[in-house]
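I opened the model to look up a few local features and how the chains pack. My entries follow in the order in which I made them.

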Amino acid sequence: MASEAKTVEAGAPPVYHHIDPVNAYHASKLGMWLFLATEILLFSVLFSAFAVYNWMYFEYFHDAATKLDWRLGAINTAVLLFSSYTAAVAVYKAQISDNRGVVINFGISFLCGLIFLVIKYIEYSAKYEHGYFPGTSYWNSTEFSAHYKNYFGLYYTMTGLHALHVVIGMGVLLWVIGLARKNRFSSRYYTPVELGALYWHLVDLIWIFLFPLLYLID
Amino acid sequence: MGIHSYAVDEIGHLKENNYLNCDKSLRSWLFTLDHKRIALLYLASLLVFFFLGGLSAIFMRLHLYNVEKPLLSPDAYNVAFTFHGVLMIFLFIVPGIPAVLGNFLLPLMIGAKDVAFPRLNLLSLWIYWLGALVGIIGIINPVWILKYLQGSAISQWIPLDTGWTFYAPYSTSTGAGEGWGTIMMTLAAFILGFSSILTGLNFMVTIHRLRAPGLTWFKLPVFVWGIYATSAIQVLATPVVGITLLLLIVEKVFGIGIFDPAKGGDPILYQHFFWFYSHPVVYIMVLPAFGIIGEIIPVFSRKPIFGYTAVVFSSVGIAVVSFIVWAHHMYTSGMSPFSQAVFSATTFAVAVPTAIKVFNWVSTMYKGSIRFDPAMLYAMAFVFLFMIAGTSGIFLAVLGLDIFYHDTYFVVAHFHYTIQGGAVIGLIAGLHFWFPKITGRMYNPGVAKLAFWLIFLGFNVTFIPQFILGVQGMPRRYAFYLPEFEPMHRLSTFGTFFNAFGYTLAILNLAWSWAFSKVKAGANPYDALGLEWQAPSPPPHDNFVVPPNVEIGRYDYGVPVNLVAQKEVVRS
């Protein structure tokens, strides 16, 4: 059923069993927006948990936030913002049937994702060396207050879940790059490029909220 | 699907090349992209869990029949009610109507060949099966299974015994695998939720994009509106339970206090997150049932549905309000009086759209030409039972009364009136109503009516005593009770057996009729209006042989020209 024709002409929309290509484009886009809504809700619960504990353990949270390096956070913010720009350019390139442009621009976004993860790794390992990481001896000692743990627990949960989304987003970008290398996109068909870019923007957007919340509350 | 010839006989029965027999291999079922087959696979899976959940309810009721000679140990009783709740809620009634009847009917009702994303639809089903597997591991106790597989000395086996609400910190520190059972079960809820999200997303996009040309929003069947409202809740509420899982894991693995007060966490926060998902979930269960009743009553009253627009907006209204009532489960948990008052008021507000629906159903029947088919009997029982459910809900919304009724059998009875009397009866009503469309055969109406009366009477005999027990102060989830509660408990147990026997009979009757009935059903056995009745029974893989006529108003009974037009579509 609807076995997508394997030898389509370059840039032609795939053949659907029951839905015309224009409708399929709009349907996919609506589906993606709904999915993004669920992602926002997923994170919004973490935001509200953060708000509750920030209110309960106000001083601890503000003190703990100073342990993060806001400069690294700021660099990461800039990196992701730039990657969102190139993702948006990639959609434009697809719309003008420039598959090479899609490869280059999504490639840059992909590299930005990689840079983001490397910086995140540097941050995490610095935390580990300072003993702000679960399992280290300082973390387990009585000097380290349970309320600092609340902060860092949420910090690792929120940034960890976000990093997971970065990894998934990079996978999506890679998949679309693979399609673009086969000249699949044209002004008639660029749905995967647009959906991939939408997802990448969401990943960026969530970081925009995480950064001030976690790094700049003091 | 290749080229098929569709030999439809004069009543619209499609013997060859319908969706059931166009390809008979097992692979064609497990990898099907056909929304109709996916619906049937869901139905079969759901009935298994309905049966298991029902069985554990019978054990509980048998135990409570005579606590002098208890059938279960108190620990086993805890496991039984957890098993019952988890299975019935997460594996049976939440996917319930949308997954079965929604999947089957939605494309037919809007004149489409399938849902918007058929592959995603199949993925939802597979994810559901995965979630069921994980959930069962969670109930059995993952740590115990691990020890068993490693062959190490097995300590005492403690399955999940927290109730379906998994309140922290009990659920995260003790019991099944010292909290890992709860984590697995929350993981299962999240996986099942993913299935639910994808189904909801799929349906919303389908309704937006795949309506037949000319079928505008306010010509849509009320069932489709019900599914639409349900889908919105599925998409928006389910992520919250997923994140709760993540926080549970963080608490467990990193030893950070999220919900455990011993570690600086907040158990009330768990309840907030849990109910933010789990209250809207009851509307996921019951909103599509409202839609089913709205479809059945006009057909068997031969009258247009009363106040179509009001019915539509009440569905949407219930979906909206469902998100701002969750804390009414937590009046006794510790909340500011102001918040309590707000949540009490919003809970009262639910009564308004719900009452609109009841008035519409009753007004549709008023001066109608009523035919008491089994589906209609179920629909009328639904209205009756849901009235009791709704009004008892008002009792519980009242702050002062709820302090008394909280965690008593009154709540248990109220909940079962809404979910069994509402969602389950709605599902059974819908299965009877659309059975000819699904199978191309008619069921035995006599047996169906007998089963109906067993269910209806059995249900009331089971749960009216539980209202009384609740008012007398019998707390829920207790394995033992004081002697003065005995008569009502015994009566309730009697009712359970009639109820269970009724469901068994109803389902067996449908199964038997499908397998052995000689009575063919045509495209439109009830002379009903609506697009799904224009397709042959059972429908072909692509649903329609000729493009459906959307000009015929779905609820325009009493306009003879419509029925004539409908018949012409069927014949052509």
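**Entry 1: B:Tyr378**

I began with B:Tyr378, which counts as buried because it has 27 C-beta neighbours inside 10 Å. The cut-offs I used are 20 or more other C-beta atoms within 10 Å of a residue's own for buried, 12 or fewer for exposed, and partly exposed in between, with C-beta atoms placed from the backbone. Before going on I noted that this is a predicted model, in which local features need pLDDT of at least 70 and side-chain atom pairs count only at pLDDT 80 or more, while totals for chains, interfaces and linings use all residues. Residues are numbered from 1 along each chain as its sequence is written, and chains are lettered from A and ligands numbered from 1 in the order in which they are written.

I placed B:Tyr378 in helix H13 (residues 374–397) of chain B. Helices (H or I, at least four residues) and strands (E, at least two) are DSSP runs, numbered from the N terminus. Leaving aside neighbours within four places in sequence, I found B:Tyr378 in contact with B:Ile425, B:Ile428, B:Ala429, B:His432 and B:Phe452. Contact here means that the C-beta atoms of two residues, placed from the backbone, lie within 7 Å. I also checked B:Met488, 110 residues away along the chain from B:Tyr378; their C-alpha atoms are separated by 26 Å.

**Entry 2: the largest nonpolar core**

Which residues touch the most other members of the largest nonpolar core? They are B:Ile293, B:Ile296, B:Tyr378, B:Ala379 and B:Ala429, in a core of 241 residues. Helix H10 (residues 267–301) of chain B gives the most to this core, 21 residues. I took a nonpolar core as a set of buried Ala, Val, Leu, Ile, Met, Phe, Trp, Tyr and Cys residues joined through C-beta atoms within 7 Å. Not counting residues up to four places away in sequence, B:Ile293 touches B:Trp361, B:Ala379, B:Phe382, B:Val383, B:Gly426 and B:Ala429.

**Entry 3: H10(B) against H11(B)**

I next looked at H10(B) with helix H11 (residues 308–321) of chain B: their axes come within 11 Å and cross at roughly 175 degrees. The axes are lines fitted to C-alpha atoms, for helices over the stretch in contact, and angles run from 0 to 180 degrees between N-to-C directions. H10(B) and H11(B) are therefore roughly antiparallel. In this scheme, angles under 35 degrees are roughly parallel, over 145 roughly antiparallel, 65 to 115 roughly perpendicular and the rest oblique.

From H10(B), B:Tyr283, B:Leu287, B:Phe290 and B:Gly294 meet B:Val311, B:Ser315, B:Ile318 and B:Ala319 of H11(B). I sorted this contact by class and got six nonpolar, two polar and no charged residues. Ala, Val, Leu, Ile, Met, Phe, Trp, Tyr, Cys and Pro count as nonpolar, Asp, Glu, Lys and Arg as charged, and the others, Gly among them, as polar.

**Entry 4: chain A and its side towards chain B**

Chain A has seven helices and zero strands. Its C-alpha trace spans about 65 × 30 × 25 Å along the principal axes. Of its 218 residues, 34% count as buried.

How many residues of chain A are in contact with chain B? I noted 26, against 32 residues of chain B. H1(A) (21–56) and H6(A) each supply at least two residues of that side of chain A, and H1(A) has the largest share, 15 residues. By class, the side has 16 nonpolar, nine polar and one charged residues.

**Entry 5: H6(A) and what follows**

H6(A) has 36 residues and reaches 52 Å from first C-alpha to last, close to the 52 Å expected at 1.5 Å a residue. The expected span is 1.5 Å times one less than the number of residues. A:Trp175 sits in this helix (residues 146–181) and counts as partly exposed, with 13 C-beta neighbours inside 10 Å.

I found A:Asn183 in the loop between H6 and helix H7 (191–215) of chain A. A:Asn183 has a positive phi of about 55 degrees although it is not a glycine.

**Entry 6: backbone details in chain B**

The peptide bond from B:Ala168 to B:Pro169 is cis, with omega near 0 degrees. A cis bond also joins B:Ser537 and B:Pro538, with omega about -15 degrees. I located B:Pro538 in the loop between helix H17 (486–516) and helix H18 (560–571) of chain B. B:Asn543 is found in the loop between H17 and H18 too, and has a positive phi of about 75 degrees. B:Asn543 is buried, with 23 other C-beta atoms within 10 Å.
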